[in-house]
Amino acid sequence: MTNIAFEKQYIFEEGQPFRSSHASTIAALPNGEALAAWFAGAHEKASDVAIWMSRRSADGVWSAPYKAADEEGIAHWNPVLFAQGDRVTLFYKVGHEITDWFTRAMRSEDGGRTWTPPSELVPGDVGGRGPVRNKPIALPDGTILAPASIERHDPDAPGKQIWEAFVDRSEDGGATWMRSALVPMDLSTYVGADHWFARGLIQPTLWRSDDRRVHMLLRSTEGRIFRSDSDDAGRTWSMAYPTPLPNNNSGIDLASTESGALALVFNPIAGYATDSPRTPLVVRFSTDYGETWGDEFVLENEPGEYSYPAIVAEGDTLYLTYTWKRDRIAFWKLTLSE
């Protein structure tokens, strides 16, 4: 197994001005610092939920949490940080319900110390454009691919939803965005609606194996992680297919290291989030572009909820954050070596 040196912290432990924290995101900066963001308030969907942020210094000290985005009286969701050197974008959702939320974006040119005012990512968007939970990736030609999905009402099943995934593409540095085709799925074979309120695929995470060949893993309602592949730089996608990786309809994320390994962080539990816990939480590694997954590093295995992980790679160092019992945000730094 790859040797792993590790460090674990909590971004905050007590005295925070909010009751519940969830859906974190992490970005590594060139000067050795890191940024984390999450949404927090009374509870998910509450009107006081805002986007909060903290900065980790190069010597490993997190700042006190500070509010990064807040539109009074409406819930905020799912921040996503995307760093390209000192240029950082913060994406997040705003809305009372997921089916009609929209995407805001704030931009920084100085490593997240100052930000532009928030603006609509796509004017007139309803339902969510841009990254829905996981970070974008950049292709060698500069194209940005943002893993996206929507949740819509199922016309054939009142009170239930269909989940669909796609990629938003930007060829001008994030100024404008074009939707890819939806990821094809054989929805007639999905049974999620029989067990939960939805069926389908959401919240993809992306990586590439060459200049134009791009891949995604997806959260599903089917008790396991699904996959889809693109041969045209994310414009169109293959029929989504199940992987052997179990997952109880909970968040996943993936990063590609400098040495070529993929690191996937997820809850390796079959079933559904309503009847199986979001524990343990692990990192599993692949050295063949996701065809097989071998070595595993356990982050959490005690009772509780450890969910919605985020992961980025800086060389062969991994930075991770995740929800820790809805109470706080946990952080790990994993340094890989042979």
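Begin by selecting Q203, which touches N78, V132, R133, N134, S149, L217, R219, G251, I252 and Y308, leaving aside residues up to four places away in sequence. The structure on display is a predicted model.

With Q203 still selected, show the secondary structure: Q203 belongs to strand β14, which covers residues 198-208. Is Q203 buried or exposed? Its relative accessibility is 4%, so Q203 counts as buried.

For another arrangement of a charge and a ring, proceed to R328 and Y10, where the charged end of R328 sits over the ring of Y10 at 5.0 Å from its centre.

The tour now turns to the aromatic residues. Across the whole structure, a search finds 16 aromatic pairs. One of them joins F18 and W38 in an edge-to-face arrangement, with 6.4 Å from centre to centre and 70 degrees between the planes. This pair links distant parts of the chain, 20 residues apart: F18 is in the loop between β1 (3-10) and β2 (20-28), whereas W38 is in strand β3 (residues 34-41).

How buried are the two partners? F18 has a relative accessible area of 8% and is therefore buried; W38 is also buried, at 0%.

Conventions. Residues numbered from 1 in each chain as written. Predicted model: local features only at pLDDT ≥ 70, side-chain atom pairs only at ≥ 80, totals over all residues. Heavy atoms only, no water. Helix = DSSP H or I, 4+ residues; strand = E, 2+ residues; numbered from the N terminus. Buried < 20%, exposed > 50% of the residue type's maximum accessible area, 1.4 Å probe, protein only. Contact = heavy atoms within 4.5 Å. Phe/Tyr/Trp six-rings, centres within 6.5 Å; stacked < 30°, edge-to-face > 60°. Lys NZ or Arg CZ within 6 Å of the ring centre and 35° of its normal.
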